[in-house]
Amino acid sequence: MTNPMIAGLLLAAGGGRRLGGRPKALLDHQGRPLVEHAVRVLREGGCTRVHVVLGADADVVREKASLPGCVLIDNPEWAEGMGSSLRAGLDSLLRSGAEEGGAASAALVSLVDQPGIGPAAIARVHAAYRSPATLAAAAYDGERGHPVLFGADHWAGIAASAVGDRGARAYLKEHAGEITLVECGDVAEAYDIDTPADLFHLE
């Protein structure tokens with residue numbers, strides 16, 4: 001198999017409603033905005049091309065975060081939930097293929113508010129790619145989580161079903177038998193930064 005182009009797709013649009021309206025992309029982690037950490041993890045895990053979906057305070061994120069080489073996508077409908085950001089990201093990957101030296105064969109999707117998932121988990125899911133028909137996801141003690149890899153053959157179906165905060169959940173449930181689960185519980189922790197009580201995870 002020739003080297004496939006697996007693009008990283010980072011969903012970083014959330015407004016942090018339960019964090020008092022602090023956009024998750026701008027949360028401080030190791031002295032820098034959390035979105036920078038999430039991009040670095042994707043790159044170190046094997047994604048040379050990274051698209052980042054922004055929403056809440058997108059202009060401030062662009063100003064404060066250093067994201068060289070990333071394709072930044074503004075999602076004006078971010079408040080509708082993760083589904084709109086996933087649609088925006090997949091659409092960007094489809095449209096930008098020619099400009100970036102060829103269409104991506106798959107999208108490796110991660111969430112900005114999961115700093116416990118590092119390059120090792122990204123690399124494991126990345127390695128599960130077999131063809132544009134691949135569906136793969138990290139698993140934690142057998143339970144499906146992020147990151148998730150969507151072969152390009154699935155993008156249209158995922159975009160059509162991605163509504164509200166469900167993201168790709170409905171599509172993945174429908175295609176459960178096709179998903180390769182990649183155990184990552186030994187190298188990552190899949191917690192979310194959702195409430196002030198979760199902020200202790202950030203350094």
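I started with Pro 147, which sits in strand β8, residues 143-151. This is a predicted model. I checked the peptide bond between His 146 and Pro 147 and found it cis, with omega at about 0°. I made a note of that, since most peptide bonds are trans.

Next I went through phi values. Most residues other than glycine have a negative phi, so I looked for exceptions. Gln 30 is one of them, with a positive phi near 55°. I found Gln 30 in the loop between β2 (28-29) and β3 (32-33).

I placed Asp 57 in the loop that runs between β4 (50-54) and α2 (58-64). Its relative accessibility is 42%, so Asp 57 went down as partly exposed too.

Then I looked at helix α1, residues 34-44. I counted 8 of its 11 residues as buried, so the rest of the structure largely encloses this helix. Among the buried ones I listed Leu 34, Glu 36, His 37 and Val 41. Just past α1, I noted Gly 46 with a positive phi of about 120°.

Last stop: Thr 134, in the loop between α4 (119-126) and β7 (135-140). I have Thr 134 as buried, at 8% relative accessible area. What does Thr 134 touch, leaving out residues up to four places away in sequence? I got Ala 128, Tyr 129, Leu 149, Phe 150, Gly 151 and His 154. I also found a polar atom of the Thr 134 side chain 2.8 Å from the backbone oxygen of Ser 131.

How values were computed: Residues numbered from 1 in each chain as written. Predicted model: local features only at pLDDT ≥ 70, side-chain atom pairs only at ≥ 80, totals over all residues. Heavy atoms only, no water. Buried < 20%, exposed > 50% of the residue type's maximum accessible area, 1.4 Å probe, protein only. Helix = DSSP H or I, 4+ residues; strand = E, 2+ residues; numbered from the N terminus. Polar contact = N/O pair within 3.5 Å; in protein donor to acceptor, adjacent residues only side chain to side chain. Contact = heavy atoms within 4.5 Å.
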